[in-house]
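Please keep the sequence and the model at hand while reading.

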Amino acid sequence: MTFSQFRPLDEKILIEYIKSTPALSDKIGNKFDDLKIKEVGDGNLNFVYIVVGSTGSFVVKQALPYVRLIGESWPMSKERAYFESLTLKKHGKLCPEHVPEVYHFDRTMSLTGMRYLEPPHIILRKGLVAGIEYPMLAEHISNYMARTLFHTSLIYRTTTEHKRDVAEYCANVELCRLTEQVVFSDPYRVSQHNRWTSPYLDRDAEAIREDNTLKLEAAELKSMFCERAQALIHGDLHTSSIMVTQDSTQVLDSEFAFVGPMGYDTGAFVGNLILAFYAQDGHANQENDRKKYKEWILKTIEETWVLFYKKFTALWDEHKNGHGEAYLPEIYNNPELQLLVQKKFMTDLLHDTLGFGAAKMIRRIVGVAHVEDFESIADAAKRAKCERQALEMAKLLVKERRKFQSISEVVTAIRQSQ
């Protein structure tokens, strides 16, 4: 069997592919008799196969030429697999302890072979639904965000290096357009793809479509998403793109990557933790009211931003006399001026984080793709109550994000909204 042109995988084709690919067959010692293969692609876009043998394991991910959630009626470029593999490698060099290793990439087959994150690794979102605390999460994810965002920005790089990445990642336009549609456009208009917990949230969805102030802010965020080439961002850094144990945090699924606004990554993570916070009442029961867990989520939100701020600015201080062209040392070598520049930059980034994070919260409640945090609440009335609280907070954060001067103020506002 040859693989000179694209073909969708099934188990039989996958085995033949592995046999013809030394980078993968070597990982299992070329032993095929005891292979266990399982398709686990529960996401919206791709096939994902776990391959486990007696002497090794890996994951194979294949991009399909359409949105898997919708079907062939919504075509989608397979080239996203190239950008995912490229970004995993780039981010992996910058933060190897939090990005799984890529073993193999095949552009024709839109196929990536990479490290299998064995149990007890689980998807972070599932851990949050289950009420599991992860004591290292804020430390690890702040490491990942600080290193990847700083080192791919103009604070660290020359404009020549930066523009080269901008030019290459512009070709990932279809995935960017998908985000533009589902995050910044569809929730604010009537769309066949939108859904929500009806009839409970019918009026809430209508109110979003009628809110001119909200739509003005959404337009500004969309403009920033489309136009601001700030750093090589993951582009989809929600809690289902992260796998965790008590002492490991691994970031996956970077097919939406492009050179865009830093706040879109930091916002995706923070916004999804806020969604998890509001979902907890729907998972509470007589044995566990989830109040302690809700406080842990708020603590994690605050710690993540505080640590990110500290690590990002520490990298900035370390490399202030380097090649970065955003703030040339002969202009910004005054310590007082350096502090002013950093404070303004990080305050603006906090506001971007809140805006983008809140926009992603809104789309997860009234848009096309929802989250397990809420969807796993069986009682529709209870689910809608949780979603409405999250929606109200999201609208407040989008409209009033510039009023917040610290993450602690944000956490206080969330706590007081209950």
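His104 has Gly113, a residue of β7, as its bridge partner. The model is predicted, with local features requiring pLDDT of at least 70 and side-chain atom pairs counting only at pLDDT 80 or more, while totals for chains, interfaces and linings use all residues. Residues are numbered from 1 along each chain as its sequence is written, and side-chain values use heavy atoms, with hydrogens and water left out. Strand β6 and strand β7 (residues 111–114) run antiparallel and are joined by four bridges; strands here are DSSP runs of E of at least two residues and helices are runs of H or I of at least four, numbered from the N terminus, and two strands pair if DSSP finds at least two bridges between them.

Both strands belong to an open sheet of five strands in the order β1-β2-β3-β7-β6, with antiparallel pairing. Its edge strands, each pairing on one side only, are β1 (36–39) and β6 (102–106), and from one strand to the next the twist averages 15°. Helix α1 (residues 11–19) packs on this sheet, touching β1, β2 (46–52), β3 (57–63), β6 and β7, and its direction makes about 60° with that of β2. Helix α3 (residues 80–94) lies across β2, β3, β6 and β7, running at about 155° to β6. Contact means heavy atoms within 4.5 Å, and the angles run from 0 to 180 degrees between N-to-C directions of axes, which are lines fitted to C-alpha atoms, for helices over the stretch in contact.

## The three-stranded sheet

A further open sheet has three strands in the order β8-β10-β11, with antiparallel pairing. Its edge strands are β8 (122–123) and β11 (249–251), each of which pairs on one side only. Strand β10 (residues 242–244) pairs with β11 over three bridges in the antiparallel sense, and Val244 has Thr249 of β11 as its bridge partner. Helix α5 (residues 137–151) lies across β10 and β11, at about 35° to β11.

## Cavity and pocket

How much space lies in the largest cavity? The volume is about 90 Å³, and the count of cavities of 30 Å³ or more comes to one. A cavity is a set of points, on a 1 Å grid over the protein atoms alone, where a 1.4 Å probe fits but cannot get out, whereas a pocket is an open set with protein on both sides within 12 Å along at least five of seven lines; lining residues have an atom within 4 Å of a point. Grid points are joined across faces, edges and corners, and a volume is the space filled by probe spheres set on the points. Residues lining the largest cavity include Ile155, Trp316, His319 and Lys320.

The second largest pocket holds about 190 Å³ of space and is lined by 14 residues, of which Cys170, Cys176, Cys226, Phe258 and Val259 lie nearest its centre.

Most residues other than glycine have a negative phi, and most peptide bonds are trans. A cis peptide bond joins Pro119 and Pro120, with omega about 10°, and Pro120 lies in the loop between β7 and β8. Another cis bond joins Ser198 and Pro199, with omega about 5°. Ser110, in the loop between β6 and β7, has a positive phi of about 50° although it is not a glycine.
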